[in-house]
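Work through these exercises with the structure in view. Try each task before you read its solution.

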Amino acid sequence: MQMFIEEVMELVELNSLREALVGLPGQTGLSTEQRKRLTIAVELVANPSIIFMDEPTSGLDARAAAIVMRTVRNTVDTGRTVVCTIHQPSIDIFDAFDEVRSVTVMIKCIICVEK
Amino acid sequence: MKSEGISENRLELLKGINGAFRPGVLTALMGVSGAGKTTLLDVLSGRKTSGYIEGSITISGYPKKQETFARISGYCEQLDIHSPNVTVFESLLYSAWLRLSPEVDKETRKVALGQFSFQKRHEFHDLKLIQIS
């Protein structure tokens with residue numbers, strides 16, 4: 001299990017923060033972006049086939065969002081199915097996605113756009 | 001809302017949704033504020049505790065079984081909730097202890113290590129179509 005965790009930490013680039021205290025949001029410990037990556041890692045150690053992420057880049061600046069998206073990309077490249085909701089994405093974040101589905105109010109269907 | 005002319009007690013938020021999410025493909029779910037993106041994820045992952053969920057949810061044509069689905073899915077909610085007084089490593093260790101099944105013995109773990117990313121994936125490669133009706 002230990003090795004398994006090491007693998008996940010490498011995937012989300014948390015190796016250097018291994019012994020760092022989580023701390024309180026906005027006060028001590030991990031930054032918002034590092035916290036987000038910890039959330040992803042906590043889900044990954046359960047070895048899921050499909051992962052849902054609710055707005056992983058919201059509230060992050062461009063650089064932090066890029067780091068989070070890189071780890072999301074790493075996760076996808078392990079062959080998992082990843083579904084993220086996004087809201088007003090920057091072009092860089094939008095470009096990181098392979099597929100986009102759009103939800104309209106009172107949806108009848110999900111409109112699928114193959115990029 | 002009643003004063004604005006809406007007479008129903010319940011509002012229908014999501015209905016008749018079909019979608020295919022493929023392994024190894026990063027899919028974005030986009031929509032305006034209030035479109036129901038979070039609601040959809042909450043319902044699919046089984047985290048919705050309020051409101052009414054009716055009808056059926058099928059995955060690749062089979063009805064979704066929450067106990068099974070919880071084992072093979074992960075959900076990163078918007079709010080990152082973590083224990084402040086543990087380290088990053090401990091956070092992961094506790095999650096692994098609590099969520100990996102007890103049958104995951106040393107040998108399996110070794111195998112999983114080498115093929116961590118692909119071994120189990122293949123079993124679920126047909127996990128594609130999610131439908132709510």
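**Exercise 1. A strand pair**

In which sense do β1(A) and strand β5 (residues 73-76) of chain B pair, and over how many bridges?

Solution. Keep in mind that this is a predicted model.
- Step 1: find the two strands. β1 of chain A covers residues 50-54, and β5 of chain B covers residues 73-76.
- Step 2: read the sense. The two strands pair in the parallel sense.
- Step 3: read the bridges. The pairing of β1(A) with β5(B) runs over four bridges. One detail to locate: A:I51 has B:G74 as its bridge partner in β5(B).

**Exercise 2. Two helices within chain A**

Describe how helix α2 (residues 32-44) and helix α3 (residues 62-76) of chain A are arranged.

Solution. 
- Step 1: take the distance and angle. The axes come within 9 Å and cross at roughly 15 degrees.
- Step 2: classify the angle. Angles under 35 degrees count as roughly parallel. Therefore α2(A) is roughly parallel to α3(A).
- Step 3: α2(A) passes α3(A) in a right-handed crossing.
- Step 4: list the contact. α2(A) supplies A:T32, A:E33, A:K36, A:R37, A:I40 and A:L44. α3(A) supplies A:A64, A:I67, A:V68, A:T71 and A:T75.
- Step 5: sort the residues. Five are nonpolar, three polar and three charged.

**Exercise 3. Two helices from two chains**

Describe how α1(A) and helix α3 (residues 88-99) of chain B are arranged.

Solution. 
- Step 1: take the distance and angle. Here the axes come within 10 Å and cross at roughly 125 degrees.
- Step 2: classify the angle. That angle makes α1(A) oblique to α3(B).
- Step 3: The crossing of α1(A) and α3(B) is right-handed.
- Step 4: list the contact. From α1(A) come A:F4, A:I5, A:V8 and A:M9. From α3(B) come B:L92, B:L93 and B:A96.
- Step 5: sort the residues. Seven are nonpolar, with no polar and no charged residues.

**Exercise 4. The side of chain A that touches chain B**

How many residues of chain A are in contact with chain B, and how many of chain B with chain A?

Solution. 
- Step 1: count. 66 residues of chain A are in contact with 58 residues of chain B.
- Step 2: name the elements. Those of chain A that give two or more residues are α1, α2, β1, α3, β2 and β3.
- Step 3: find the largest share. α2(A) gives it, with nine residues.
- Step 4: sort by class. This side of chain A has 39 nonpolar, 13 polar and 14 charged residues.

Conventions: Residues numbered from 1 in each chain as written. Chains lettered and ligands numbered in written order. Predicted model: local features only at pLDDT ≥ 70, side-chain atom pairs only at ≥ 80, totals over all residues. Axes fitted to C-alpha atoms, helices over the stretch in contact; angles between N-to-C directions. Parallel < 35°, antiparallel > 145°, perpendicular 65-115°, else oblique. Left-handed = near helix turned anticlockwise from the far one by under 90°. Contact = placed C-beta atoms within 7 Å. Nonpolar A, V, L, I, M, F, W, Y, C, P; charged D, E, K, R; others polar. Pairing = 2+ DSSP bridges.
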